[in-house]
Amino acid sequence: MGQIEWAMWANEQALASGLILLAGGIVGVAGQFRGWEFAAYGVAAGVFVCLLEYPRGKRMSKGTNMERTGQRCLTICVKAFGPVTRNYYVRAVLHAILSVPGGFILPTVLGCVCLGIASLIYLAAAIRGEQWEPILPQTVTKERIGQSIKQPPQNPPPRPPVDVRRKRTDDAEGAAYVNPIPVTASES
């Protein structure tokens, strides 16, 4: 069984907490809560966290995973900041700092707690030596299946293995195959 890749979990947790923080901030501003300035901060922090966390990183063990829809342009932006966004210690501290002001107003408390949990998961990923690597488009194209098939199958499915298949022979008797068990005169 493979090792747990904490960064993948942290990415999902941080993206969800950014959306929760954004929704809580919108509710706080629209509801004109006392201290709505913290809710406005929650909107800005939620948008920032979502933009930072939307691009998935490459898996360390296998190196392949599905990228999110439309993440390529954000991957270029996140990659441009270099070690600041690649290092999970930096992300852990950044998310911990961003989560503090969300605790001062009720609508953003849930997003604040979720972002704090994502910060702890990123810290665990950083301790284990993981770092963010972008998913780049594959330059090697696989051979098309149609070009790899030289001779199409002759008999319909299900097809038995090659060594078990019946061989057609052109006998004078018109038999479709040769009986592997010879019939003796005493049996007939």
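Q: Where is Ser119 found, and what makes that element a helix?
A: Ser119 sits in helix 6. Helices are DSSP runs of H or I with at least four residues, strands are E runs of at least two, and both are numbered from the N terminus. This is a predicted model, in which local features need pLDDT of at least 70 and side-chain atom pairs count only at pLDDT 80 or more, while totals for chains, interfaces and linings use all residues. Residues are numbered from 1 along each chain as its sequence is written, and side-chain values use heavy atoms, leaving out hydrogens and water.

Q: Why is Ser119 called buried?
A: Buried means under 20% relative accessible area, exposed over 50%, and partly exposed in between (1.4 Å probe, protein chains only). Ser119 has a relative accessible area of 7%, so Ser119 is buried.

Q: What does Ser119 touch?
A: Contact means heavy atoms within 4.5 Å. Not counting residues up to four places away in sequence, Ser119 touches Ala92, His95 and Ala96. A polar atom of the Ser119 side chain lies 2.6 Å from the backbone oxygen of Ala92.

Q: Why is Leu120 called exposed?
A: Leu120 also has its place in helix 6. Its relative accessible area is 59%, so Leu120 is exposed.

Q: Is Arg68 buried or exposed?
A: Arg68 has a relative accessible area of 9%, so Arg68 is buried. Arg68 lies in the loop between helix 2 (36-53) and helix 3 (72-80).

Q: Which residues does Arg68 touch?
A: Residues up to four places away in sequence aside, Arg68 touches Asn11, Glu12, Leu15, Glu53, Tyr54, Pro55 and Arg56. Arg68 and Arg56 are 12 residues apart in sequence, with their C-alpha atoms 6.9 Å apart in space.

Q: What makes a set of residues a nonpolar core?
A: A nonpolar core consists of buried Ala, Val, Leu, Ile, Met, Phe, Trp, Tyr and Cys residues joined through side-chain atoms within 4.5 Å. The largest nonpolar core has 13 residues, and Tyr88 and Tyr122 have the most contacts inside it. Two or more residues of this core come from each of helix 1 (6-30), helix 5 (88-99) and helix 6. Helix 6 gives the most to this core, with 5 residues. A second, separate core of 5 residues includes Leu21, Ala45, Val49 and Leu115.

Q: Which residues is Tyr122 in contact with?
A: Leaving aside neighbours within four places in sequence, Tyr122 is in contact with Ala7, Ala10, Asn11, Ala14, Glu53, Tyr88, Arg91, Ala92 and His95.

Conventions: Polar contact = N/O pair within 3.5 Å; in protein donor to acceptor, adjacent residues only side chain to side chain.
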